[in-house]
Amino acid sequence: QESESENKLDAETASDSESKSEFGGSAPVPTSDDTPEVLNRALSNLSSRWKNWWVRGILTLAMITFFFIIIYLGPMVLMTIVMCVQIKCFHEIITIGYNVYHSYDLPWFRTLSWYFLLCVNYFFYGETVTDYFFTLVQREEPLRILSKYHRFISFALYLTGFCMFVLSLVKKHYRLQFYMFGWTHVTLLIVVTQSHLIIHNLFEGMIWFIVPISCVICNDIMAYMFGFFFGRTPLIKLSPKKTWEGFIGGFFATVLFGLLLSYVMSGYRCFTCPVEFNNDTNSFTVDCEPSELFQLQEYNIPLVLQSVVGWKTVRMYPFQIHSIALSTFASLIGPFGGFFASGFKRAFKIKDFANTIPGHGGIMDRFDCQYLMATFVNVYIASFIRGPNPSKLIQQFLTLRPDQQLHIFNTLKAHLVDKGMLGSLEDA
């Protein structure tokens with residue numbers, strides 16, 4: 001029935017004013033296994049199932065090691081890596097579109113795609129610089145001008161690309177060109193917007209960056225392990241290799257991992273403090289007095305569990321409670337990012353987005369769940385964690401004209417007098 005519905009849809013598409021042949025058919029994008037020759041020789045005696053297991057395992061350990069190294073190098077390197085990953089993911093998705101519709105060599109398609117990527121990155125990173133490096137921006141005249149007219153400049157850049165697209169329209173290929181215009185913008189929405197949220201999470205504290213990413217990695221590994229050894233029941237048709245045993249085992253393993261990792265990281269200021277820019281040293285700092293989230297507190301254990309564990313109370317960090325929410329999302333909802341990507345790949349009859357990482361596919365194959373997770377973390381912080389930031393308000397206050405500062409001062413003074421707080425402070 002599914003095949004019949006797809007054939008019917010193809011027939012309907014072919015009956016449009018422009019034939020289906022305009023799209024070059026649905027030719028698959030070729031992908032090949034780039035497993036290093038050293039591994040191929042070493043694992044040549046194993047079956048394809050176990051060979052894939054070892055290749056994935058070795059490359060996973062290599063990627064985890066690389067992850068630890070970039071964490072050690074600090075937030076600036078992390079932001080650079082996020083930017084590089086974003087560009088690579090964008091390239092992989094755009095290349096799929098280009099290869100599928102390759103035969104017509106649309107004018108300016110690749111040029112305009114990369115131009116729009118530049119425009120969107122200019123907008124988002126400009127907003128981030130203005131928000132987190134406010135004093136630096138106000139100190140430098142060129143940066144102050146760019147900050148003041150940032151949104152207008154961003155819109156002007158985008159409008160230029162929009163006009164270039166309209167001028168590139170070619171007769172008989174209008175529909176295809178508009179399809180690819182939409183393809184580019186959806187890719188920007190999925191990749192660039194969510195990469196920007198990852199950087200925002202990083203500025204809240206490296207723990208908000210490391211724990212969610214680690215939970216997704218843990219869930220991916222443990223779901224694969226449980227599914228490999230115990231998997232019997234298929235989970236979803238989009239990913240035939242996914243099993244209920246792997247899904248459930250990955251969930252419990254990830255929640256436990258999140259609790260343990262959060263306990264270890266909550267004791268270090270370099271992970272828990274917000275990433276701030278020091279204007280005196282022109283460098284990032286992660287030193288602060290830990291908030292209540294990262295101070296040990298005593299919690300009563302429910303009566304039902306007291307007889308099992310033998311404890312009445314337990315000391316833990318409040319952040320560990322939040323880590324349960326993060327790890328639960330990474331285990332139950334995060335995989336749907338992977339299912340979405342699987343459906344996308346099936347639609348274009350490809351195995352992986354690319355063959356960048358042997359045994360794993362492309363960069364996008366590894367970050368499909370990470371982008372969904374980053375969005376959740378950003379929404380979670382905004383909803384349950386983040387409050388008003390007095391230091392940013394003071395920074396903006398100091399940039400106002402003296403008469404505006406005086407007006408705000410008098411308004412605040414009158415408000416405090418009405419509340420009875422100013423009198424008590426003066427008496428003290």
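Modeller: This is a predicted model. The largest cavity has a lining of 13 residues, and those lying nearest its centre are F109, L112, F165, Q177 and F181.

Colleague: Which element gives the largest share of the lining of the largest cavity?

Modeller: Two helices, α5 (109–132) and α9 (174–203), each contribute at least two residues to this lining. The largest share amounts to five residues, and its source is α9.

Colleague: Which elements give two or more residues to the lining of the second largest cavity?

Modeller: The second largest cavity has a volume of about 80 Å³. Its lining divides into eight nonpolar and two polar residues, with no charged ones. Among the lining residues are I198, W208, F209, Q370 and M373. The elements that supply two or more residues are α9, α10 (206–230) and α16 (363–385).

Colleague: Which residues touch the most other members of the largest nonpolar core?

Modeller: The largest nonpolar core holds 72 residues. Elements giving two or more residues to this core include α3 (48–73), α4 (75–100), α10 and α11 (244–265). The members that touch the most others are M206, I207, W208, F209, I210 and V211.

Colleague: Leaving aside residues up to four places away in sequence, which residues does I210 touch?

Modeller: I210 is one of the core residues that touch the most other members. With residues up to four places away in sequence not counted, I210 touches F67, I71, M265 and F271.

Colleague: How far apart are the end C-alpha atoms of residues 319–341?

Modeller: An unreviewed UniProt entry places the feature "transmembrane region" at several spans, including residues 243–265 and 319–341. Residues 243–265 are 96% helix and 4% strand, with end C-alpha atoms 32 Å apart. Residues 319–341 are 91% helix and 0% strand, and the distance between their end C-alpha atoms is 31 Å.

Colleague: Is T356 buried, partly exposed or exposed?

Modeller: T356 is located in the loop between α15 (335–347) and α16. Not counting residues up to four places away in sequence, T356 touches K88, E92, G361, G362 and I363. K88 is 268 residues away along the chain, with 9.8 Å between the two C-alpha atoms. Because its relative accessibility is 38%, T356 counts as partly exposed.

Colleague: What is the phi value of K349, and is K349 buried or exposed?

Modeller: K349 is in the loop between α15 and α16. Phi of K349 is positive, in a residue other than glycine, and lies near 55 degrees. The relative accessible area of K349 is 52%, and the cut-off for exposure is over 50%, so K349 is exposed.

Colleague: What percentage of the contacts with a separation of 6 or more comes from residues 24 or more positions apart?

Modeller: The protein chain has 19 helices and six strands. Of its 428 residues, 39% are buried. Among contacts in the chain with a separation of 6 or more, the share from residues 24 or more positions apart is 71%.

Conventions: Residues are numbered from 1 along each chain as its sequence is written. This is a predicted model: local features need pLDDT of at least 70, side-chain atom pairs count only at pLDDT 80 or more; totals for chains, interfaces and linings use all residues. Side-chain values use heavy atoms; hydrogens and water are left out. On a 1 Å grid over the protein atoms alone, a cavity is a set of points where a 1.4 Å probe fits but cannot get out, and a pocket is an open set with protein on both sides within 12 Å along at least five of seven lines; lining residues have an atom within 4 Å of a point. Grid points are joined across faces, edges and corners, and a volume is the space filled by probe spheres set on the points. Ala, Val, Leu, Ile, Met, Phe, Trp, Tyr, Cys and Pro count as nonpolar, Asp, Glu, Lys and Arg as charged, and the others, Gly among them, as polar. UniProt positions are given in the numbering used here, feature names are shortened, and annotations may be inferred rather than shown by experiment. A nonpolar core is a set of buried Ala, Val, Leu, Ile, Met, Phe, Trp, Tyr and Cys residues joined through side-chain atoms within 4.5 Å. Buried means under 20% relative accessible area, exposed over 50%, partly exposed in between (1.4 Å probe, protein chains only). Contact means heavy atoms within 4.5 Å.
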